[in-house]
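I opened this model to look up its strands and its aromatic rings. My entries follow.

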Amino acid sequence: MKKIKILGTAVMACAILQLVFSQEIMAETVTDHDKANMAESTENANWRTGIIEDQTFQTTFSEYDGDTWFASYAPIDGEKDVTFKIIQNDQVVEMLDSLATPPVLENDFTSLDAVSFTDYNGDGDTDILVVKTFGDTAVPVIYEGTPEKEKKFTLRTGLSVRAAAHAQTMTISGILDYLKTVENEQWSAVDALPDGTPSDFIFSSGAGAWSTSLTLNKDGSFSGSFSDSDMTGGDGYSYTVYCNDFTGSFTNLKKLNDHVYSMELADIQTSQESGTQEIVDDCLKVYSEPYGLVPGSEFYLYVPEVTKSDLPIELPEGWSMITYSDQNPEFLTSYVLYNIEGDAPFAGYQEKQS
């Protein structure tokens, strides 16, 4: 252990004056831009701090010229997920997006089990496959190499969730085997949702506390409303409601078969600016973003009578009005619009005409 020498009083006073003087000079000469560069330089110089040693590798990626490091970091300071960084010349050149699925959010990180650099889709670009465990649940994560984009590795959330549900083993080889079956899937573009699709969908707690409802048109456009009640009162109001109305559209409609369709939430506009509020009739209205709808998210439309084995996760009966067949509980009898990335199932129903 290093020992700290105690300075004499006069020497200490001189040192303190020199320190204060140097700090004043630094305050006058160091700009905010300099401080940002200094902070970044410190972060980059210390990129090895906190790494998971056995899952950090020096390698080459087709997306980058020259040698790079793939660095893994365990969660710290309240973080839930593992962090992955791409390092080149001791600089952090990319931080990979996190997969925020229920096993990650609801359980503590246990282990980072495997990392693989491969080309699973045969496009010539390096992809990254990861297996990590939270609690006792293994979570596969798939990053697709996208050299044409600013982020060279794009998180494939929907594909990762599907792999978690359908891969025979939570290993790199098991994930690759599943991805081969996905590669053979024949998706075809469609102009409209299938006939019989109900116009009304709801994502709710089932207890009436909160819900996001939308009216869906066959071309993928929609409108809807969100509401979440809270009995908290305050000055001038007795209770609080988080709410908003919205419009938006789904694009890139595709069909796998008669029971499975996919689409992407292209945009959503709220009628009131998120974060604003007002008191109306003894109620504090806090205008908020609707639950379950995030632009860029991938959605799947499941059409009756799709089987449970085709679903990415188990959807419990009763959740958001989801129902199964009385004769064969393996068959879903509800239309389900499922936000596979946000784990948000919207159950379809037909509004009764008065």
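I began with Phe 222, which is buried because its relative accessibility is 4%. For burial I used under 20% relative accessible area as buried, over 50% as exposed and partly exposed in between, with a 1.4 Å probe and protein chains only. The model is predicted, so I took local features only at pLDDT of at least 70 and side-chain atom pairs only at pLDDT 80 or more, while totals for chains, interfaces and linings use all residues. Residues are numbered from 1 along each chain as its sequence is written, and side-chain values use heavy atoms, without hydrogens and water.

**Entry: the ring partner.** I checked Phe 246 next and found it buried as well, at a relative accessible area of 3%. The ring centres of Phe 222 and Phe 246 lie 6.2 Å apart with planes at 70°, so I logged the pair as edge-to-face. My rule pairs rings of Phe, Tyr and Trp (its six-membered ring) with centres within 6.5 Å; planes under 30 degrees apart are stacked, over 60 edge-to-face and the rest tilted. Phe 222 sits in strand β12 and Phe 246 in strand β13, 24 residues apart.

**Entry: the strands.** Helices (H or I, at least four residues) and strands (E, at least two) are DSSP runs, numbered from the N terminus. I counted 5 helices and 19 strands in the protein chain. Strands pair if DSSP finds at least two bridges between them. β12 (residues 221–230) runs antiparallel to β11 (residues 210–216), with 7 bridges. Ser 211 faces Ser 227 of β12.

**Entry: other rings.** I got 18 aromatic pairs in total. One of them is Phe 57 with Phe 117, edge-to-face at 6.0 Å centre to centre and 85° between the planes. Phe 57 is in β1 and Phe 117 in β5, so this pair ties together parts 60 residues apart in sequence. Phe 57 is partly exposed at 27%, and Phe 117 is partly exposed at 27% too.

**Entry: charges over rings.** I asked for NZ of Lys or CZ of Arg within 6 Å of a ring centre and within 35 degrees of the ring normal. Arg 48 lies over the face of Trp 69, 4.9 Å from the ring centre. Lys 85 has its charged end over the ring of Tyr 73, 4.9 Å from the centre.
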